[in-house]
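These are my notebook entries on one structure, set down in the order in which I looked things up. I begin with the terms and then go from the whole chain to single residues.

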Amino acid sequence: MTLGPTPAGFRELRSWPLLSVDDLAVVRQDLASTLPQSPGASLEEVPESVVLVVSELATNALRHGGGPVSVHLSERSGEVLVDVVDRAPDVAPQFVDGRPVGGGGFGLRLAARLADQLGWYATDTGKHVWAQFSVSSKMPSLSA
């Protein structure tokens, strides 16, 4: 996982406020309808992986980040970026080891596996955990 700000040159397309885990259903539905679909895509392809990673990162933010959370979707040529912001700048994201299956703690590992890049940084008011994905050339631009 990279420590540093989100990569430059992305243009924000959408954002969603989250107050509880219940709000995730709306975000997942909006993402699924916003991201272009590729026929026969597997779980490890965009857009399904983007929806899954957003769900995992947002759940972590709600669980460990305190306060409201926001999710931001951005695009630049051939890439998608998601940025999940919580209100806990002093709580670094951590990979958890040694938990039994079903014990949780695998969301960040899953995000690292599915995203092309995963990173985070803190500001005075919050923590940003971001994931970057390359978009297949077969998929149209989100802003088209």
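**Terms and source.** I call a residue buried when its relative accessible area is under 20%, exposed when it is over 50%, and partly exposed in between, with a 1.4 Å probe and protein chains only. I am working from a predicted model, in which local features need pLDDT of at least 70 and side-chain atom pairs count only at pLDDT 80 or more, while totals for chains, interfaces and linings use all residues. Residues are numbered from 1 along each chain as its sequence is written, and side-chain values use heavy atoms, with hydrogens and water left out.

**Whole chain.** I counted three helices and six strands in the protein chain, taking both as DSSP runs numbered from the N terminus (helices H or I, at least four residues; strands E, at least two). Along the sequence the elements follow the pattern β-β-α-α-β-β-α-β-β. Of the 144 residues, 43% are buried. I then looked at contacts, meaning heavy atoms within 4.5 Å: among those with a separation of 6 or more, 65% are between residues 24 or more positions apart.

**Strand pairing.** I took two strands as paired if DSSP finds at least two bridges between them. Strand 3 (residues 69–76) runs antiparallel to strand 4 and is joined to it by seven bridges, with Glu 75 standing opposite Val 80. The two form a hairpin with two residues between them, and Gly 78 in that turn has a positive phi of about 75°. Strand 4 also pairs with strand 6, in the antiparallel sense and over eight bridges, and here Val 82 has Ala 131 as its bridge partner. Strand 6 (residues 127–134) pairs in turn with strand 5, again antiparallel, over six bridges, and a hairpin of four residues links strand 5 to strand 6. Strand 1 (residues 2–3) runs parallel to strand 5 (residues 117–122), with two bridges between them. Trp 120 of strand 5 is the bridge partner of Leu 3 and has Val 129 as its partner in strand 6.

**Strand 4.** Which way do the residues of strand 4 point? I found Glu 79, Leu 81, Asp 83 and Val 85 pointing one way and Val 80, Val 82, Val 84 and Asp 86 the other, and all are buried. Because eight of the eight residues are buried, strand 4 is largely enclosed by the rest of the structure.

**Asp 86.** I next turned to Asp 86, which lies in strand 4 (residues 79–86). Leaving aside neighbours within four places in sequence, I list its contacts as Ala 61, Gly 65, Pro 68, Val 69, Thr 125, Gly 126 and Lys 127. The C-alpha atoms of Asp 86 and Leu 62 are 7.4 Å apart, although 24 residues separate the two in sequence. The side chain of Asp 86 reaches the backbone nitrogen of Ala 88 at 2.9 Å.

**Helix 2.** Gly 66, which follows helix 2, has a positive phi near 60°.

Key
Polar contact = N/O pair within 3.5 Å; in protein donor to acceptor, adjacent residues only side chain to side chain.
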